[in-house]
Amino acid sequence: MVETIHPVSVLEGAVRLPGDKAVSHRYAMLSSIAEGTSTIHNYSSGADCASTLGCMKALGVPITKEGKTVTVQGVGLDGLKAPSAKLDAGNSGSTIRMLSGILAAQPFECEIEGDESLAKRPMARIITPLAQMGAQIEAKDGKYPPLHIHGRKLTAIDYTLPVASAQVKTAVLFAGIYCDGATIVREPVLTRDHSEIALREFGAEVESMGKVITLHGRPKLTGRELTVPGDISSSSFFLVAAMLKPGSRIVIEGVGLNPTRAGLMDFLAGGGAKIRVANIGQVNGEVVGDIVVEYARWEGGIIEKATTAQLIDEIPALAVLGATSKQGLTVRDAAELRVKETDRIATVAENMKRMGIEMQVEQDGFHVPGNQQFKAATVDSFGDHRIAMAFSVAALAADGPCTIEDAGAASVSFPEFYTMIRGLAR
Ligand code: S3P
């Protein structure tokens with residue numbers, strides 16, 4: 001699918017975004033192994049979260065979906081069944097990594113695979129701790145999908161994460177659900193804590209002391225009613241769009257503002273963005289509120305150290321904003337960008353070049369100088385949802401119509417993206 005994006009003069013209006021991808025995955029997995037029925041409202045409409053539902057169904061969990069509401073008849077900790085075919089994680093790193101923690105502890109064997117992009121993404125980061133717990137997992141070349149998982153009784157461990165990754169933390173915690181005693185995960189920097197919050201919501205005992213998380217094994221998980229907040233990572237495209245076009249004002253309603261994700265707002269505000277949050281409340285332990293953003297010329301900024309982990313998914317969108325800012329954007333300590341759905345340092349750099357934007361690339365980061373103007377061009381998502389959306393936003397501020405090749409990749413997290421962004425154009 002190809003999209004043509006025309007430059008706009010102003011973006012104005014209110015939107016309510018699809019449910020958070022990260023939270024949706026966790027609710028789908030935990031409700032499946034809980035006792036009783038869970039109803040999940042505002043479940044992510046993205047293909048990644050559909051992949052998780054497909055895997056849970058293949059593991060014998062009765063799941064129905066009506067619009068954005070998913071009903072899961074939990075089968076209990078020991079109720080999953082051996083799938084009759086390979087599990088398909090599609091494009092979703094979250095599905096394969098987090099679900100592997102659960103699969104490693106089952107009394108059956110199975111195989112989980114994904115698409116061409118997922119087949120190149122590193123899995124040693126979950127295989128290593130799960131093997132320490134006693135799991136037997138075979139991977140292509142020892143580190144890539146498909147994963148062949150021989151489930152067995154696992155042992156709780158105390159694990160220090162070598163990479164800042166909420167997916168790896170979650171894989172270990174989800175395996176820990178099945179262990180006797182306490183599983184401890186120590187993080188190098190704080191990463192998103194949706195798993196800890198969701199586990200508590202379902203009834204597990206989880207303690208977080210700074211960057212040390214302790215989960216008590218064999219919890220009684222109980223099905224419940226849940227509402228997924230709007231996806232703050234998807235909101236980044238609207239925030240950046242509003243900050244590219246003078247006179248713009250966008251209200252984004254019901255967004256998840258979990259402090260481990262909302263660093264985005266502080267980072268933008270630190271560079272002079274006019275952003276405020278309103279109607280703040282809590283839903284299922286997650287902070288939720290409305291974001292109001294108005295145009296303001298951004299100063300630019302530096303993303304490094306712990307901030308890099310917190311903003312990792314938003315970096316493609318922020319790179320676009322950096323190009324039009326006063327001082328530009330510098331990103332450091334971001335080697336993880338090279339192993340996302342695409343090598344996001346390379347795919348951002350390629351599209352910037354096509355749009356006439358100067359950018360200096362490092363192995364673990366980049367610098368986009370400010371005060372630049374996007375030129376009309378044909379860009380490519382390279383099959384990566386966040387690259388499709390970031391450069392669609394850049395196209396709104398270009399000097400002529402732009403073509404986005406493989407634009408359909410956006411549907412991995414946000415199928416409604418093009419309709420919603422066009423709906424705000426004035
Ligand atoms: C996610 C964690 C991050 C993020 C991904 C979703 C999660 O990945 O990039 O989009 O839901 O836990 P890593 O754990 O690889 O950093």
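Start with the largest nonpolar core, which has 75 residues. A nonpolar core is a set of buried Ala, Val, Leu, Ile, Met, Phe, Trp, Tyr and Cys residues joined through side-chain atoms within 4.5 Å. Buried means under 20% relative accessible area, with exposed over 50% and partly exposed in between (1.4 Å probe, protein chains only). Select Phe 238, Leu 268, Met 355, Phe 366 and Phe 391, the residues with the most contacts inside this core.

Before moving on, note that this is a predicted model: local features need pLDDT of at least 70, side-chain atom pairs count only at pLDDT 80 or more, and totals for chains, interfaces and linings use all residues. Residues are numbered from 1 along each chain as its sequence is written, and side-chain values use heavy atoms, with hydrogens and water left out.

**Core residues**

Zoom in on Phe 391. Leaving aside residues up to four places away in sequence, Phe 391 touches Val 320, Val 348, Asn 351, Met 352, Met 355, Val 379 and Ile 404. Contact here means heavy atoms within 4.5 Å. Next, select Ile 40, Val 61, Val 185 and Phe 202. They are among the members of a second, separate core of 67 residues.

Now select residues 286-294, which form strand E17. Helices (H or I, at least four residues) and strands (E, at least two) are DSSP runs, numbered from the N terminus. Seven of the nine residues in E17 are buried.

Two strands pair if DSSP finds at least two bridges between them. Look for Val 255, which stands opposite Gly 289 in E17.

Arg 276 has Val 292 in E17 as its bridge partner. The hairpin of E16 and E17 has two residues between the strands. Pick Asn 284 there: this residue takes a positive phi near 50°.

**Aromatic rings**

Show the rings next. Rings of Phe, Tyr and Trp (its six-membered ring) pair if their centres lie within 6.5 Å; planes under 30 degrees apart count as stacked, over 60 as edge-to-face and the rest as tilted. The count comes to seven aromatic pairs.

Select Phe 237 and Phe 417. Their pair is edge-to-face, 6.0 Å centre to centre with 70° between the planes. Phe 237 lies in helix H7 (residues 232-244) and Phe 417 in helix H13 (residues 417-424), so the pair ties together parts 180 residues apart in sequence. Phe 237 is buried at 1% relative accessibility, and Phe 417 is buried at 0%.

Move to Phe 238 and Phe 414. This pair is tilted, 6.0 Å centre to centre with 45° between the planes. Phe 238 lies in H7 and Phe 414 in the loop between strand E23 (402-405) and H13, so the pair ties together parts 176 residues apart in sequence. Phe 238 is buried at 0% relative accessibility; Phe 414 is buried at 0% too.

Which residues do ring pairs link into a cluster? Select Phe 237, Phe 238, Phe 414, Phe 417 and Tyr 418 to see them.

**A buried histidine**

Go to helix H1, residues 21-33, and pick His 25. His 25 is buried, at 0% relative accessibility. Again leaving aside residues up to four places away in sequence, His 25 touches Asp 48, Cys 49, Thr 52, Ser 92, Ser 94, Thr 95 and Met 98.
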